[in-house]
Amino acid sequence: MAKKKYYGVRKGKITGVFESWEECKNSIEGFAGAEYKSFPSYEEAQAYIEGTDITEIHKRLAEESNTVIAYVDGSYDESRKRYSFGCVIITPRGEIVTESGSNEDPEAAVSRNVAGELMGTMFAVRWAYNNGYNNILIRHDYEGIAKWFTGLWKANSYCAKKYTEYMKKYRNVMNISFEKVTAHSGDKYNEMADELAKKALT
């Protein structure tokens, strides 16, 4: 399956962010000096056409919606049977908070890096709640993070059951939403979360 791409057109007949190559092509074809580029995320394409840093885009989105944006990822060390998480939190005030951790619960370790990503999600939600935020957007690359929470997937594994049980505490006191990010696609904060998770194992 092809990875989702967003096309930022900075100079063209129509400028903006487009979700298909055909739309992008129509806006630049026949336009002298057209400037355009493809990106793995909407925010990066938006930053390109505005000529701003991607960090500023994330900060603005967080501030406008009073929402904490949290990128989470997990890692796993087969030799030590240890899993870890990395988490990058962007607050509505534009602060960047990073955290990581690891564990080696044998029952959870069966789920490998997924156990770490679930741990990171639980950390992010707890952090947001403890710091007085009512809205959080979790950006993740494993689809079970959202589907176990929403009930689209049945929680059968030890990790999934622990996760859904834990998240029940926050379901009715916070607005928790999810957005899937393609792993290793160049998304700045997803890559940062991945690196934090890997470092947590060492």
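Here is the tour, stop by stop.

**Before you click**

You're looking at a predicted model, where local features need pLDDT of at least 70 and side-chain atom pairs count only at pLDDT 80 or more, while totals for chains, interfaces and linings use all residues. Residues are numbered from 1 along each chain as its sequence is written, and side-chain values use heavy atoms, with hydrogens and water left out.

**Stop 1: the whole protein**

Zoom out and show the cartoon. The C-alpha atoms fill a box of roughly 60 × 35 × 35 Å along the principal axes. You'll find 8 helices and 8 strands; these are DSSP runs numbered from the N terminus, with helices being H or I of at least four residues and strands being E of at least two. Of the 202 residues, 49% count as buried. Buried means under 20% relative accessible area, exposed means over 50%, and partly exposed is in between (1.4 Å probe, protein chains only).

**Stop 2: a hairpin**

Select residues 82–90, which is strand β5, and 96–103, which is strand β6. The two pair in the antiparallel sense over 8 bridges (strands pair if DSSP finds at least two bridges between them). Click Val 88 and you'll see Thr 98 of β6 standing opposite. The two strands form a hairpin with 5 residues between them, and Gly 94 in the turn has a positive phi of about 90°.

**Stop 3: charged pairs**

Side chains of opposite charge can pair when their charged atoms come close. Here, a salt bridge is a side-chain nitrogen of Lys or Arg within 4 Å of a carboxyl oxygen of Asp or Glu. The structure holds 10 salt bridges.

Show the side chains of Arg 82 and Glu 104: this salt bridge has its closest N and O atoms 2.9 Å apart. The pair links distant parts of the chain, 22 residues apart, with Arg 82 in strand β5 and Glu 104 in the loop between β6 and α4 (106–109). Is Arg 82 buried or exposed? At 18% relative accessibility, Arg 82 counts as buried, whereas Glu 104 is partly exposed at 45%.

Next, select Asp 77 and Arg 80, whose side chains meet in a salt bridge (3.9 Å, N to O). Asp 77 is buried, with a relative accessible area of 18%, and Arg 80 is partly exposed at 42%.

Now try Arg 93 and Glu 95, which meet in a salt bridge of 3.1 Å, N to O. Arg 93 is exposed at 62% relative accessibility, while Glu 95 is partly exposed at 36%. For a network, select Arg 10, Lys 11 and Glu 35, joined by salt bridges that share partners.

**Stop 4: helix α8**

Select residues 188–200. Helix α8 has 13 residues and reaches 19 Å from its first C-alpha to its last. That is close to the 18 Å expected at 1.5 Å a residue (1.5 Å times one less than the number of residues). Colour the buried residues of α8: Tyr 189, Asn 190, Ala 193, Asp 194, Leu 196 and Ala 197. Look down the axis of α8, and these buried residues fall within an arc of 160°, so they line one face of the helix. The arc is that of the directions from the helix axis to the C-beta atoms.
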